Amino acid sequence: MNKELNNLLSTNDKVQKILEDCPYSVLNLIEVIKFKKNEFYLRKGTISPYVYILVDGLVEIFIENINGRKIVLDIYKPGNFIGEHEIVNKNPFSVSVQSKSEICLLRISRKDFLKWLDLDRNINNRLLSSLCEQIYRLSNLTEVYSLFSTKEQVCFILLKLKSSTGVIERNQILAGVSSSSRSVDRILRDLKEKKIISNINGLIRVLDKKELKKYKEE
């Protein structure tokens, strides 16, 4: 086992739980790799020979519309798998993946990951749980994008912010809405004029969640 992986096993509870039943023969095949913000990038349509497990940091899962605008589908956190959907049948990535911060990953080849699945019930259960959770979240997101208006999508994002401390950047809202920036800006202007949100230097804060809920339903 390499030194970096041994250090993670000694200090990181999440890594310990993921690898608790991993056979030693597989542990020796797992690499620890690190990337800076935006440095780790897997493009939609490409095929990766590896599966990754996020240990530290945040990773953005997104697609781009026909105009090249990024639409964020999910933000992966430590414990999430990357590339597990595509690995069994060697499918190309259906989304793009990019590090949103400095990240640390476990990396293992397709062949060795499939071997690991054969030998370790714990990793099978974790993988199944992860896949079910992703399907559930993406099903909800599909409903938002296909059935909700621009106003409802913007309000949906804002309502998820913490009441007192939550702030969000305009660009983050744009990335989470399947509409044009002009339409989103029109909604944000209206919300600001009604004193439902504040918008200071591009940082948006919800001032009145009750009114925001009413606005969403109008």
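Is Phe 40 buried or exposed? Phe 40 counts as buried, at 3% relative accessibility. This value, like every other in the account below, was computed from a predicted model.

The protein chain contains 10 helices and 11 strands. Its C-alpha atoms fill a box of roughly 60 × 35 × 30 Å, taken along the principal axes. The chain has 218 residues, of which 43% count as buried. Among contacts between residues at least 6 apart in sequence, 71% join residues at least 24 apart.

In general, the strands of a sheet pair through backbone hydrogen bonds, in either a parallel or an antiparallel manner.

The pairings may be followed across the sheet. E1 and E8 run antiparallel and are joined by five bridges, with Val 32 standing opposite Leu 106 in E8. Six bridges join E3 to E8, again antiparallel, and here Ile 53 stands opposite Leu 106. Ile 53 also has a bridge partner in E6, namely Phe 81; two bridges join E3 to E6. Five of the seven residues of E3 are buried, so this strand is largely enclosed by the rest of the structure.

Which residues touch the most other members of the largest nonpolar core? They are Leu 5, Leu 19, Ile 30, Leu 106, Phe 113 and Trp 116, in a core of 24 residues. At least two residues of this core come from each of helix H1 (3–11), helix H2 (13–18), helix H3 (24–27), strand E3 (50–56), strand E8 (103–109), helix H5 (110–119) and helix H6 (121–147). Another core, of 19 residues, lies apart from it and includes Val 154, Ile 173, Ile 187 and Ile 196. In soluble globular proteins, nonpolar side chains tend to be buried together.

Leaving aside neighbours within four places in sequence, Leu 106 is in contact with residues including Leu 5, Leu 8, Leu 19, Ile 30, Val 32, Val 51 and Ile 53. Glu 31 and Tyr 52 are also among its contacts.

A further set of pairings involves strand E7 (residues 96–99). Ser 96 and Gln 98 point one way from E7, while Val 97 and Ser 99 point the other way, and all of them are buried. Strand E2 (residues 41–42) runs antiparallel to E7 and is joined to it by two bridges; Tyr 41 has Gln 98 as its bridge partner. Strand E4 (residues 59–64) is also antiparallel to E7, with four bridges between them, and Ile 61 has Val 97 as its bridge partner.

The account now returns to Phe 40. The structure holds five aromatic pairs. In one of these, Phe 35 and Phe 40 form a tilted pair, 5.0 Å centre to centre with 50° between the planes. Phe 35 is partly exposed, with a relative accessible area of 21%, whereas Phe 40 is buried. The rings of Tyr 50 and Tyr 52 have their centres 6.2 Å apart and their planes at 55°, so this pair is tilted too. Tyr 50 counts as partly exposed at 26% relative accessibility, while Tyr 52 counts as buried at 5%. Phe 35, Phe 40, Tyr 50 and Tyr 52 form one aromatic cluster.

The cysteines remain to be considered. How many disulfides does the structure contain? The count comes to zero. For Cys 104, the closest cysteine sulfur is that of Cys 22, which lies 16 Å away and is therefore too far for a bond. Cys 104 is buried, with a relative accessible area of 7%, whereas Cys 132 counts as partly exposed at 46%.

Technical notes:
Residues are numbered from 1 along each chain as its sequence is written. This is a predicted model: local features need pLDDT of at least 70, side-chain atom pairs count only at pLDDT 80 or more; totals for chains, interfaces and linings use all residues. Side-chain values use heavy atoms; hydrogens and water are left out. A disulfide is a pair of cysteine sulfur atoms within 2.5 Å. Buried means under 20% relative accessible area, exposed over 50%, partly exposed in between (1.4 Å probe, protein chains only). A nonpolar core is a set of buried Ala, Val, Leu, Ile, Met, Phe, Trp, Tyr and Cys residues joined through side-chain atoms within 4.5 Å. Contact means heavy atoms within 4.5 Å. Two strands pair if DSSP finds at least two bridges between them. Rings of Phe, Tyr and Trp (its six-membered ring) pair if their centres lie within 6.5 Å; planes under 30 degrees apart count as stacked, over 60 as edge-to-face and the rest as tilted.
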